[in-house]
Amino acid sequence: MHLTTIQLFFLLITMLLGLLPGFLRAGKIKSADEYSVGGRNAGMGMVAGCIISTIVGGAATVGTAQMGFQIGLPAWWFTLGSGIAFIIMAYIYARPLRESGLTTIAQYMEIKYGPKAGILAGVSASLGIFFSIVASSLTAINLISAIFDINILLSVFIIVAVAGAMIFFGGLSGSGLAGIFKIGIIFITIFLGGVLAYADMNYLGGMRNVIADDKWFSLFGHGLQNGLINLLSMIMGVVSTQSYIQAVFSAKDAVTAKRGCILAAIVVIPIGLPSVVIGMFMSVHHPEINPINALPMYLLNYLPEALGGVGVAALLLSALGSIAGLAFGVSTMLTNGVIQKLFKNLSDERLLNISRLNVLLVIVGAVLFTCYHLDSSVLEWNFLSMALRGCGIFLPLTFAVLVTKKFNAATGFYAMLAGIITDCLWNKLQIAAVDALLVSVCVSLLIFVPELIRNFQNTAIDSLKIRVNSSRNYVIDKVHNEFKK
């Protein structure tokens, strides 16, 4: 992968335009609240932009094409599952989360289940997000090293500098504006590439002629269970992620939060499909290449030079923007969930500076960790990340949102702990062929069962009391009226 002068020119111009929103917002950020949740005044487009900026990263583009190169259509599960998750978030979670007026998912869990649950939620969510940053870092390191023909160390420096700049100055608002810009150039370049690759292979019929394995053309090509597990892990992971919930917290009201999630879903669902098609195209025509290079190589070699440069910039902005957005979520939890509790008299300006510093520290840590796992698969880290967040947080969060009766604090804490421990042990020991995510969710659910039964009984008793009182009042009123007559 070598860039021509025209490709390099358009790549650099596009990168500068992608960084511009963060710099423009820098002077307008005066408080930690404005930095973390945009002053809670974001419109539908900004909410969607913040979500898209984070979810459409290396996994949604390069990682999906990489897996498309290897297994075909099942690689679409990442963006398809993400979009379905945002629709679920819009109709179930957006209103209660936004109306809580909080900043982090750990705070919400603490209110519902107590301080220990809040700490555990913060640790679990942060670790899960960390692995998502690793996935995007893996994409960015390979991409930058291959395109610019530089060593790993220099690639790491560029990633830290650019990803840090994307979120360091503008906070959540800058991330949202960058997300809107990024999605525009992705639709122009990657979607065009997907259409051209599909046509070059003579559409679906031609693809089936050169790829004999029918598994490549089915979302459930690797089995119904595998497909459903991928979908479930995406739903649970997305709903349990601070970075996406933070966008909901930033909305000006609950209705806007819901609409922002729906808009994000509409945009995210189709994004993975052209990457899958391009991956399959490159698998047929260039089977000798490293699969992770399938998408950038296609953009550079099969699109017009100017669009190829813009397309590669879109990939870089996607990977770096996702790193920045995810690190921003971890930073918010560290700042609001740990530092603000330890040092209660910090000024707002000091909190703002600490938030920015935490962003850089998280990015540096994740990128250095990635350097020791350069041969791993991008989507493997993402699915691991989603499962780690979901097995501990998803079920307790869902019950906290849906069940009006307050649960015992210990129930929520031990359900989270049991889910996380089960997931880790099941994967480590490989006890049976059943997926660890399903087992961990079932174990977490078992912890909740006695509490759910108690709540159901109390609700039934309360309902019966209301009916008895209503009937008694009716009889008394009837007798009273007859007596008056």
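**Contacts and exposure**

Author: This is a predicted model. At 53% relative accessibility, D214 counts as exposed.

Reader: How many salt bridges does the structure hold?

Author: Side chains of opposite charge can pair when their charged atoms come close. One of the pairs is R208 with D214, and R95 with E99 is also a salt bridge. The number the structure holds is 2.

Reader: Where do R95 and E99 lie relative to each other in helix 5?

Author: Helix 5 covers residues 77-99, and R95 and E99 are 4 residues apart in it. An α-helix has 3.6 residues a turn, so residues three or four places apart point the same way. The separation of R95 and E99 is therefore about one helical turn.

Reader: Is E99 buried or exposed?

Author: E99 forms a salt bridge with R95, with the closest N and O atoms 3.0 Å apart. R95 is partly exposed, its relative accessible area being 44%. The cut-off for exposed is over 50%. With a relative accessible area of 53%, E99 is exposed.

Reader: How many disulfides does the structure hold?

Author: A disulfide is a covalent bond between the sulfur atoms of two cysteines. Among the cysteines, C50 counts as buried at 4% relative accessibility, while C371 is partly exposed with a relative accessible area of 24%. The pair of sulfur atoms would have to be within 2.5 Å. The number of disulfides in the structure is 0.

Reader: What distance does helix 16 reach from its first C-alpha to its last?

Author: Helix 16 spans residues 348-370 and has 23 residues. Its buried residues include L351, I354, N358 and V362.

Reader: What accessible area does the nonpolar patch on the surface have?

Author: The patch is formed by I6, F9, F10, I13, L16, L17 and L20. L16 lies in helix 1, which covers residues 5-26, and L16 is exposed with a relative accessible area of 57%. Together the patch residues have an accessible area of about 630 Å².

Conventions: Residues numbered from 1 in each chain as written. Predicted model: local features only at pLDDT ≥ 70, side-chain atom pairs only at ≥ 80, totals over all residues. Heavy atoms only, no water. Salt bridge = Lys/Arg side-chain N within 4 Å of Asp/Glu carboxyl O. Helix = DSSP H or I, 4+ residues; strand = E, 2+ residues; numbered from the N terminus. Buried < 20%, exposed > 50% of the residue type's maximum accessible area, 1.4 Å probe, protein only. Expected span 1.5 Å × (residues − 1). Patch = residues over 30% accessible without salt bridge, like charges linked within 9 Å, V, L, I, M, F, W, Y side chains within 5 Å. Areas by Shrake-Rupley, 256 points an atom, 1.4 Å probe, with all protein chains shown as cover.
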